[in-house]
Amino acid sequence: MAIAYDSRLGIGAAPNEWEQEILNQFSGQKVQIWPDISNPEDVEYLILWNTIHDPWVDYPNLKAMLSLSAGVEQLLRDPNIPTDVPLIRMIDISLSVGMAEYVMGAVMRIHLGHHFYSEQKAKHEWGFGQLDLKLAKDRTIGIMGAGELGQASGEMLASAGFRIQYWSRSRKEFDYATSYAGDGELKTFLASTDILVVLVPLTADTTDMINVDFLKMLPKGASVINVARGRIIKDEDLLACLDDGHIEQVILDVFRKEPLPAEHAFWVHPRVFMTPHISSITRAETAVPTIRSHIKAFENGHVPKGLVDRTRGY
Ligand code: NAP
C-alpha cells in the first residue's frame, strides 16, 4: 500500500512537521510527498488540503482521498478531483476542542461587553454601570450548524450556563439545547438568538445566505460570530446592519477574500473584531493518527466517519 501527501496549502503548522508526522505514522509504508510523486500508479490513499490542486497528478488506483481540513468546498470545486473516489473530511478532537474554545472566547467577549469597555478606555471614560450586563443563563446563543464543531462549541457554552439553540438541515435531539431544522424554522431560530455563531459549511445553499433580510430576522442588538467561511455572509449587508444599529458586535475569523484586502471596511470598523482564520487549526499530532485509522477502516472494508456527500456539498 502506498500513500501520497499533497502538501499544498498546509496550514496551521510548519510543513516539515506534517511531513515528519506522516512519515512517522506510516513508517514501513511507501509514502510519496508532493511534488516528488514518482509512482502515482502505486498510490491508494491521498492525503490533501482544501485547496485547488493545479497541476494535478493522476492516481489511477486511488481508493480514497483524505482531507486534512473539515471544510472541503474547494476540493468539490476542483475540476481535477475524481468524483468517483470517496472523499473523507477531517473530524478531529483537536479541531473540535480548538473551535469550542475560540467560540467560547468570542461569545464571552461579546457577553461581557469587553468591546464597550475598550471603547470607553480609549476615551478615558470610567462610565460605571452604563452597560446592562446579563448573566449567561439569560443569553441565547444560536448556532447555525449542529455538526462536529457546532456541537462541540454548544456543549462548552452550555456548560458555562448559556441557553443554546441549533439550526441545521435535519432535526436533532439534545438534552441541553433546542433544535431547529430547515428553512421553515429559520425565522423562529433567529428571532430568539442573542449571539449568532455561524458554523455551517460553505455550499450552494449557504453561499451569501447571511444578507440583510436574514440579519433583520435577528433581534435588534444581536451579535454575529463567523468561524465557518467568509462567503456565507454578504459583507456590505453586515456592515449596513452594524451601522444602522441593528447588529451590535461582529467577530470574524473568516473572510470572502483571505488575506482581507487592505481597503476593506472591516479593518477599521470599531465594532468588528477579527482574527486571521485561526479559530481552529488541524494539528498533526492528532490528525495524522485519525488519517491512519481512516485508512485502516478502508482496508477492513468500512467507510470512516466524515464521508463527503457530493450532492449536499459537505
Ligand atoms: P459538519 O459536521 O458537516 O456540520 C455541518 C452542519 O451544518 C450540520 O449540522 C448540517 O446539518 C448543517 N448544515 C449544512 N448545510 C445546511 C443548510 N443548508 N441549512 C442548515 N444547516 C446546514 O461540519 P463541521 O465539522 O462542524 O464544520 C463546519 C464548518 O466549519 C466547515 O465546513 C468549515 O467550513 C468550518 N471550519 C472553519 C475552521 C476555521 O478555522 N475557521 C476550521 C474548521 C472548520 P445536518 O446536521 O442536518 O447535516
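S168 sits in strand β7, which covers residues 163-168; helices (H or I, at least four residues) and strands (E, at least two) are DSSP runs, numbered from the N terminus. The model is a predicted one, in which local features need pLDDT of at least 70 and side-chain atom pairs count only at pLDDT 80 or more, while totals for chains, interfaces and linings use all residues. Residues are numbered from 1 along each chain as its sequence is written, and side-chain values use heavy atoms, with hydrogens and water left out.

With a relative accessible area of 8%, S168 is buried; buried stands for under 20% relative accessible area, exposed for over 50% and partly exposed for values in between (1.4 Å probe, protein chains only). Leaving aside its neighbours within four places in sequence, S168 is in contact with A146, Y180, A181 and G182, where contact means heavy atoms within 4.5 Å.

Stepping back to the whole chain, 9 helices and 12 strands are found. The radius of gyration is 21 Å, close to the 20 Å that the globule rule gives for 314 residues, so the chain is as compact as a globular protein of that length. This radius is taken over C-alpha atoms, and the rule is 2.2 Å times the number of residues to the power 0.38. The C-alpha trace spans about 65 × 40 × 30 Å along its principal axes. Of the 314 residues, 51% are buried. Contacts between residues at least 6 apart in sequence join, in 62% of cases, residues at least 24 apart.

The chain carries 30 positive and 41 negative side chains, and the centres of the two sets lie 5 Å apart. Here Lys and Arg count as positive and Asp and Glu as negative, with His and the chain ends not counted; the place of a charge is NZ of Lys, CZ of Arg, CG of Asp or CD of Glu.

The domain assignment gives domain 1 (2-92 + 282-299) and domain 2 (94-274), with bounds that come from an automatic or database domain assignment. The C-alpha centres of these domains lie 32 Å apart, and 12 residues of domain 1 are in contact with 7 residues of domain 2.

Several loops deserve a visit. T83, in the loop between α2 (73-77) and β5 (87-88), is exposed at a relative accessible area of 64%. T83 and R310 are 227 residues apart in sequence, yet their C-alpha atoms are 8.3 Å apart. The peptide bond from W34 to P35 is cis, with omega near 10°, and P35 belongs to the loop between β2 (30-33) and β3 (43-48). A cis peptide bond also joins D54 and P55, with omega about 10°; P55 is in the loop between β3 and β4 (64-67).

Two histidines have positive phi values. H124, whose phi is about 60°, lies in the loop between α4 (114-122) and β6 (140-144) and is exposed, at 75% relative accessible area. H277 has phi near 50° and is found in the loop between β12 (272-274) and α9 (284-299); at 27% relative accessibility, H277 is partly exposed.
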